[in-house]
Amino acid sequence: MNDRAPQRPNLFTILGGLGKIRAAPVPSTTTETATLTEQTPSSESSSSSRIFRTLTRDKAALAGALIIAVFLLWSIIEGILQVVDSFTKRTDYAIKILGGNPLILDFTHSLIPPSTKSVAFLLGTDYYGHSIWFSILYAAPRDALAGIVVVASGIIIGMLLGTSAALFGGWVETVFMRLTDAFLAVPALVLAIVVGILVGTGFESVLIALIVVWWPTYARFFRGQALSLKRRGFIGAARLCGTGSFRIMFRHIVPNSLDPIIAYAALDFGNVILSYSALAFLGIGVQPPIPEWGEMTSSGLSYLPGAWWWSIFPSIVILAIVISFTLVGDRLQEVLSGRIG
Amino acid sequence: MLKESLIKTNGLTKSFLASKRGILESLSRKPAAYVRAVDHVELEIAKNEVLALVGESGSGKTTLGLLLCTLETPTEGEIFFNAEKLEKSNAKKIRQKIQMVFQNPSESLNPRMNVRSIVMEGLQKFGLDKAQKQRQFEDSLKAVGLDPAEFATRRPRDLSGGQKQRVAIARAIASNPEFIVLDEPTSALDASIQAQVLNLLVGLHDKYGFTYLLITHNIAVAQFISDRVAVMYAGRLVELGYTDDIMTSPKHPYTQALLKSVPTLVTKDLQPPTGETPSLLNPPSGCRYHPRCPYVMEVCRTTDPELSPVENREVACWLYPTKSKD
Amino acid sequence: MLLDVQGLSVSYRTERGIVRALNSVNFSVEEKESIALVGESGSGKSTLGISIVRLLPANGSYTGGDILLNGKSVLGMNDREVRAIRGRIVFMVFQDPLNSLNPVKKVGDQILEALRLKGMRQDQDRETDQREVVEAFKDVRIPDPNAILQRYPHELSGGQIQRVIIAMGLLMKPKLLIADEPTSAVDVTLQAQILKLLNDLKEEYGLSVIFITHDISVAYNVSDKIAVMYAGNVVELGPTESVIKSSLHPYTKGLISCIPAGRKSQGLLNTVPGTPPSLMHPPSGCRYHPRCPYVMEICKSQDPELLPVENSKVACWLYSTQAKSQQGM
């Protein structure tokens, strides 16, 4: 039984793999006889201490974790402010905190190269005079939210469908799994574009499109975990105790399925952001003047190589964040995968 | 018919599909390949007795154990509990009186639950209040030799193999079952711990009067703890009788070979049978043991003997007066 | 003396600390002699087996003592020399037979390849090689040996694979066969077949055998000498009959007495109270002292050496007159 779900192959997953090659090997415990279990207790440590130790050992993953922390922290602050602003409609804390406005058109400052003269020009401006630096900061919360919502939805939907499929078997399993197969058969980006077109533009539409594409992988993952857990003694014992199927699902199977799935989800976060940016690049999702990293990359393309800063900086940000998630997720997978429960 | 029989089976059979059939295969006329894990087993277990189910891998003993504790449904045949036939409608009610201790202590406890939750899981269906459940929990833990105060909040990963098995036993007895199936309860334990657990099982049996079905491949364990022994080979019951009788004078050639294969500290004369355990996908014709039997006769190759009473026990062998299944 | 293990100590580095798996172990194996290493989990018996051929995992290290094979130090050999003895002078059989063979190659091809790699049979042609392999298969009582050559490992049963491995070992014409729990995962009848086979082969091929097992009854049936191991030490070593019938060390006595051999009506089993110790923080002095019914003061502070008593050797203060007089006995 393989405990790694098929990853969406993309350049960044491959690059992320490089991190694994460089990573230090996790030391093994004693190799005494496998059959007899009279080992001294506590030969396994808890997940959290192992995660901590593995992360601190690998410098790259630590750097990645730092970048993620900064990204998420900033997204939370800016995101809350943007929500507050949209409710009161009269405040603009979100913009004030940046120190400049990424939304105003200002052709007098069009296409200024990066300079240290003013914070607004740190990364240059685009054709419309928008500060690239402020735009990147302003767009961040949306990417973070997309990551969280899509991965969480994927996990929830995947958990419900995948675990029930494995537990109940029969036609329930067949229907759910064929459904999963159907969704997986269509290339992800194509499906997302189609859904995006159907549902229309806008932030919510993109999220829906991504969720539709994302849940099947988790369904497969949860089903695999549940199938192997089904054979374990404690499930049989629970049945004999009269525990109902749903309680078995949520008390016994799901908690013990989570470790490798959480690790994969950390890695997947980066994939979601990448796909979100790709959709924005293609023009699906939030429209200008609201900045989006992917959209900025796309718009700046025709100005390469002259006004290179317009495309390059947003794409560097995407790259950095996705690689960070991949590095951290990879290390987490090493620690948590293969340990069901 | 044993006096006070708790469990009785009639032609109990369990078949598994050898492999999952795809759509194309199902549509074709090819017959599906089945594995007969348990093949027409007739068995009776008396109240309070300890019956050892002995066999090697592929004998079907684990499947029979699962059938008898209702975790598997029979393909054919019937099971009676206290003279009541087991059906879907009364399965839940009957299950309340049955418990099982599973083979691998590391896998039979939920790693995310602490000892208290694990043991108390069996108590939920009785409508007890909190204080009663707590008392039942403490009693069960003390009965298996663990201090409730010390172990209540521990997780399985903080327990040794022997302690895990004790917790599994505590879980099994907490709900006051009548019948407990124990599947290789000590196979994964060191010798010194095995002795402790076996003593515990004997003590619990004497004190609470459970009926045990002990599944094991270890003859010495079977001999020590059981009143009667049932020997299984390739899904069939081949010999059934009182432990003393069977251990001192086994009648079925497989039982004889099995006993002569067990290394002891007394003699150094191992006489294993020839050949290998048969494939359940393509079992030998007639008597399943015939390819390895030193006394094989023509009839053995063609007809499967049925379990028949011979002197003080039952044997399925053409060497003895027997009735045929066909 | 074929193999002489002198004061061998081995440790493993783990996340949680250093595991002292072997604690100054002494024992030896003569030519054509079979010795069983008996112990429960954590006793160090498997570690001892793999350390003889320097197969310790990455986190293991030799922290003391030496291993002499035909008088030559194994720990002092370079990689090339070690590889030359592995599989040739010393052949290891492991517990899980299926993992010892390459699943994508036919069995016959694998054996022939192994023979060539070991620099043997270079001057023979393939047919002669094959005939030798078939003969070896017959020696290990594999039915239909010619057909087995053409099979893949997954097409064989566990018993057949174990025999194939043993046959491969025999073809190497080793001096020493180390079998690490080769029958722990197989059925009783198959185990008896393999034990009988090993006994016969020992006679026919003049092998020395180190048989590692947790089952003392198996040890009794398969060896001339028994070494009882506990928590990284050899606590008793002697001829099989002596060790079993007149055991010296309290642990050996405890181990034998807790094997079920009769009916429960004859009384409950004797047990060894307590649990095996942590190898990261082993007890001071004699590692068995917390569980020993005869514990004395000196046992808690000093580790007894393996010393001769009658025709065995035992590591226990009960057999030191000096220790006993200290206790006032």
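## Contact between chains C and B

How many residues does the contact take from chain C and from chain B? It takes 33 residues from chain C and 31 residues from chain B, where two residues are in contact if their C-beta atoms, placed from the backbone, lie within 7 Å. On the side of chain C, α7 (188-205), α8 (216-222) and α10 (250-257) each give two or more residues, and the largest share, six residues, comes from α7(C). Helices (H or I, at least four residues) and strands (E, at least two) are DSSP runs, numbered from the N terminus.

This is a predicted model, in which local features need pLDDT of at least 70 and side-chain atom pairs count only at pLDDT 80 or more, while totals for chains, interfaces and linings use all residues. Residues are numbered from 1 along each chain as its sequence is written, and chains are lettered from A and ligands numbered from 1 in the order in which they are written.

## Domains of chain C

An automatic or database domain assignment gives chain C domain 1 (3-89 + 174-327) and domain 2 (97-173), with 31 Å between their centres, taken over C-alpha atoms. Twelve residues of domain 1 are in contact with eleven residues of domain 2, and α7(C) provides the largest share of the domain 1 side, six residues.

## Strand β4 of chain B

All five residues of β4(B) (residues 50-54) are buried, so the strand is largely enclosed by the rest of the structure; buried means that 20 or more other C-beta atoms lie within 10 Å of the residue's own, with C-beta atoms placed from the backbone. B:Val50, B:Ala52 and B:Val54 point one way from β4(B), and B:Leu51 and B:Leu53 the other way.

Five bridges join β4(B) to β9(B) (residues 211-216) in parallel, with B:Leu213 as the bridge partner of B:Leu51.

Note on methods. A residue is buried if 20 or more other C-beta atoms lie within 10 Å of its own, exposed if 12 or fewer, and partly exposed in between; C-beta atoms are placed from the backbone. Two strands pair if DSSP finds at least two bridges between them.
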